Structures are given as structure tokens and as C-alpha cells.
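Trainee: I would like to go through how the labels in this predicted model are assigned. Please set each value against its cut-off.

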Amino acid sequence: MRRVEVTDFAEFIAMTGLDRPDKQFELRTLTPHTNSYFIIQYIMPEHANLQAIGLDIGSETMRRRSAEKAAKSNSTQLTAPITVIPHQK
């Protein structure tokens, strides 16, 4: 996961294109917001979690709180069970 300030988003997208030219990176949010992003950039195993790449977990309150706490304390944080990204029909 990578924290990206709104003002740095274009640079982040350019970097992902250089890092993974074979994949189109698309930001997805759960709810609209104007704060910094916490974007899932890499996830393992990737093949089973492709839909999570590009998700801004900072767009949902519980996930954002955990991400901020982890960033501030430089430690792993637990949340109640969550679905990384809702299944789409």
C-alpha cells in the first residue's frame, strides 16, 4: 500500500506506468473524499487479488483509520474482518 497525496497523484500514476507497463493502473474508491489516498499497489498472491490493485482504502473510514495508525506507529494494525474489495456482479 502506498500513501499518495492528492497533489502527487499524477506523478504516482506516471510511476506505476513505468513500474508495470504491462498493466493498466486504475484508482478505485469506496466513497468520495478529498484526503490523501492509501492505494493498494501490490498484493500477494496477485493473481487471486487483481481486483484489489488500485483500491484506495483511505476512502472508507475503518480502513483509513487503520492505515493512518499503521503509518504513524510504523507497525501492523488489525481491523475487524473486512472484504478487501466487494465482489462485483
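Trainee: Why is F9 called partly exposed?

Mentor: The relative accessibility of F9 is 21%. Buried requires under 20% and exposed requires over 50%, with partly exposed in between. F9 therefore counts as partly exposed.

Trainee: What makes F12 buried?

Mentor: F12 has a relative accessible area of 4%. The cut-off for buried is under 20%, so F12 is buried.

Trainee: How do you know that F9 and F12 are separated by about one helical turn?

Mentor: They are three residues apart in helix α1, which means a separation of about one helical turn.

Trainee: What makes the pair of F9 and Y37 tilted?

Mentor: Their ring centres are 5.2 Å apart, and the planes meet at 50°.

Trainee: Is Y37 buried or exposed?

Mentor: Y37 has 14% relative accessibility. With the limit for buried at under 20%, Y37 counts as buried.

Trainee: How many aromatic pairs does the rule give?

Mentor: The count comes to three. One of them joins F9 and F12, with 6.4 Å centre to centre and 35° between the planes, and this pair is tilted.

Trainee: Which residues form the aromatic cluster?

Mentor: F9, F12, F25 and Y37 form one cluster.

Trainee: F25 brings me to T16, one of its contacts. Why is T16 called buried?

Mentor: T16 has 6% relative accessibility, so T16 counts as buried. T16 sits in helix α1, which spans residues 9–19. Leaving aside residues up to four places away in sequence, T16 touches F25 and Q41.

Trainee: What makes D19 partly exposed?

Mentor: D19, also placed in helix α1, has 39% relative accessibility.

Trainee: Which residues does D19 touch?

Mentor: D19 touches Q41 and Y42, again not counting residues up to four places away in sequence.

Terms used:
Residues are numbered from 1 along each chain as its sequence is written. This is a predicted model: local features need pLDDT of at least 70, side-chain atom pairs count only at pLDDT 80 or more; totals for chains, interfaces and linings use all residues. Side-chain values use heavy atoms; hydrogens and water are left out. Helices (H or I, at least four residues) and strands (E, at least two) are DSSP runs, numbered from the N terminus. Buried means under 20% relative accessible area, exposed over 50%, partly exposed in between (1.4 Å probe, protein chains only). Contact means heavy atoms within 4.5 Å. Rings of Phe, Tyr and Trp (its six-membered ring) pair if their centres lie within 6.5 Å; planes under 30 degrees apart count as stacked, over 60 as edge-to-face and the rest as tilted.
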